[in-house]
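Please view the sequence and the model together while reading.

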Amino acid sequence: MARALVNVPAKAKRGEIVEIKALIQHDMETGFRVGTSGNIIPRDIITDFVCKYNGQEIFRAELFPAISANPFFAFSTIATESGTLTFEWSGDKGFSATESADITVE
Amino acid sequence: MTRAAAAVITSALLGCAVSAAADEIPLNQRKSGYEMMGRESRAMQDDDLTNPGMFWVLDGEALWKRKDDAAEKSCADCHGDARTSMKGVAARYPAFDAARGRPVDLEQRINICRTDRQKATPFPAESKELLALDAYVSRQSRGLPIEAGSDERSKPFLEKGRALFNERQGQLNLSCAQCHDDNWGQKLAGAPIPQGHPNGYPLYRLEWQTLGSLQRRLRNCLVGMRAEPYSFGAPEYVDLELYLMWRARGMPMESPAVRP
Amino acid sequence: MTQQPENLQQTRRRFLRDTAALAGSVALGLSVTPAEATPDTMRAAIKRVVGEGELRQGKVKLDLPPLVENGNVVSLTVSVDSPMTDTDYVKAIHIFNERNPQPNVIGAYLGPRAGRASLSTRIRLADTQNVIAIAELSDGSFWSESVNVIVTLAACVENL
């Protein structure tokens with residue numbers, strides 16, 4: 001599975017807005033490059049990213065080839081309760097990767 | 001490089017007196033390429049969780065403990081925990097190798113271990129595995145001052161590297177020194193010219209959208225200057241790296257850095 | 001703008017744009033295909049999202065460096081002025097471009113749980129162009145901001 005690095009604060013106060021960062025390893029081949037053979041290198045990108053907080057979707061993105069290699073997102077969410085944030089990436093050629101991180105909310 | 005950029009360089013160089021031996025940057029005026037990057041690129045490097053170079057460090061950590069099918073041992077079997085055993089190592093490379101009678105760079109050293117000690121096949125240049133181990137080992141020197149080039153036995157090779165740095169090459173008849181000693185900080189095609197210190201290698205270059213070695217960057221430079229790049233694995237790269245590391249002595253390592 | 005014969009102006013502008021785009025995209029390893037994004041294809045892509053709705057200026061802050069260090073990795077932050085309550089929040093943020101091979105960059109879906117309507121990411125820009133961020137609010141209104149970004153080639157290209 002491709003490597004992913006996520007940043008979720010370990011602890012937060014209830015109601016606090018926390019920043020979440022997610023980075024995944026992926027070349028994001030655009031499908032517009034011409035290889036040394038003279039043929040177009042086929043598109044191979046991550047197309048979807050979903051972040052869930054205790055099973056509820058809090059952020060979702062549709063990615064296009066214009067997203068740089070090793071896609072990075074920073075977004076925010078309200079720390080509502082202790083639990084787990086899950087991150088799922090999916091894309092071309094059946095690409096799939098997941099990561100998770102726990103948060104303690106006081 | 002566009003024709004416009006070449007014209008800019010030529011006129012800039014004609015405008016200032018070009019001395020035969022370029023003046024070295026005074027030690028206290030040396031700046032890392034980090035200081036010449038934008039705020040966003042610096043932020044990318046500063047945080048291990050936003051620096052794509054860390055993926056290679058993590059891969060390297062896994063490779064360090066892994067025993068190949070052919071290999072008799074893993075790196076960890078001899079070297080234990082890299083966080084202690086590899087601390088400071090990258091900061092003093094290229095280092096003199098007595099068996100070969102000349103300095104070798106860190107990637108050559110890794111492959112020497114693979115063939116001589118691990119009895120495994122060497123990793124190809126710029127391969128994922130070699131870059132991962134290079135990144136992992138170099139990461140253990142982060143923050144430590146560069147010490148390469150102090151070994152007496154390496155001196156003749158350091159002088160070769162210095163000569164290469166100052167030698168005019170290629171269709172533009174430019175030397176490394178003319179840009180990186182004489183004109184650092186000035187703009188070339190909209191981007192500031194860095195001093196050219198290799199204190200962050202291997203690094204994630206935005207232009208490549210991947211991690212790459214100093215040799216890859218030097219090849220870029222040579223092609224950019226319209227000079228013939230030295231062949232892959234040529235000793236010139238190691239001599240030049242030795243000189244560049246000595247030129248950056250005392251500056252802290254930043255590997256794996258991020259650069260435009 | 002000076003009055004030049006229409007065809008001469010168009011031809012020269014198209015030539016400059018095409019060579020710049022080609023040079024820029026070759027350096028990035030991209031290749032300009034015949035279906036290159038133009039302001040028209042961007043407008044069509046925006047229409048698919050916004051529909052017949054009015055695109056208003058304001059509320060959206062699109063933060064991009066005016067002169068990028070490298071077109072392959074451009075840090076972008078977009079934030080929307082919104083209380084992000086259950087009844088007044090940002091549903092989605094869409095980003096489009098004018099000159100890459102295709103107009104869409106990203107479609108991000110938020111909601112009141114976001115707390116703050118803000119997103120940072122890293123994008124590819126093939127050439128100097130306008131980038132536009134459009135926010136869709138819970139009341140169905142669309143707000144936007146457009147930024148012009150200058151993209152140059154790396155001074156020392158890897159392959160010729």
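## An enclosed helix in chain B

Ten of the twelve residues of H7(B) are buried, so this helix is largely enclosed by the rest of the structure, where buried means that 20 or more other C-beta atoms, placed from the backbone, lie within 10 Å of a residue's own, exposed means 12 or fewer, and partly exposed falls in between. Helices (H or I, at least four residues) and strands (E, at least two) are DSSP runs numbered from the N terminus. The buried residues include B:Leu130, B:Asp134, B:Tyr136 and B:Arg139, and their cover includes H3, H5 (82–85), H6 (106–117) and strand S6 (210–212) of chain B.

H7 (residues 128–139) of chain B reaches 16 Å from its first C-alpha to its last, close to the 16 Å expected at 1.5 Å a residue, the expected span being 1.5 Å times one less than the number of residues.

## Basis of the model

This is a predicted model, in which local features need pLDDT of at least 70 and side-chain atom pairs count only at pLDDT 80 or more, while totals for chains, interfaces and linings use all residues. Residues are numbered from 1 along each chain as its sequence is written, and chains are lettered from A and ligands numbered from 1 in the order in which they are written.

## Where chain B meets chain A

Eight residues of chain B are in contact with ten residues of chain A, contact meaning that C-beta atoms, placed from the backbone, lie within 7 Å. Helix H3 (residues 53–65) of chain B supplies the largest share of chain B's side, three residues.

Definitions and conventions
Two residues are in contact if their C-beta atoms, placed from the backbone, lie within 7 Å.
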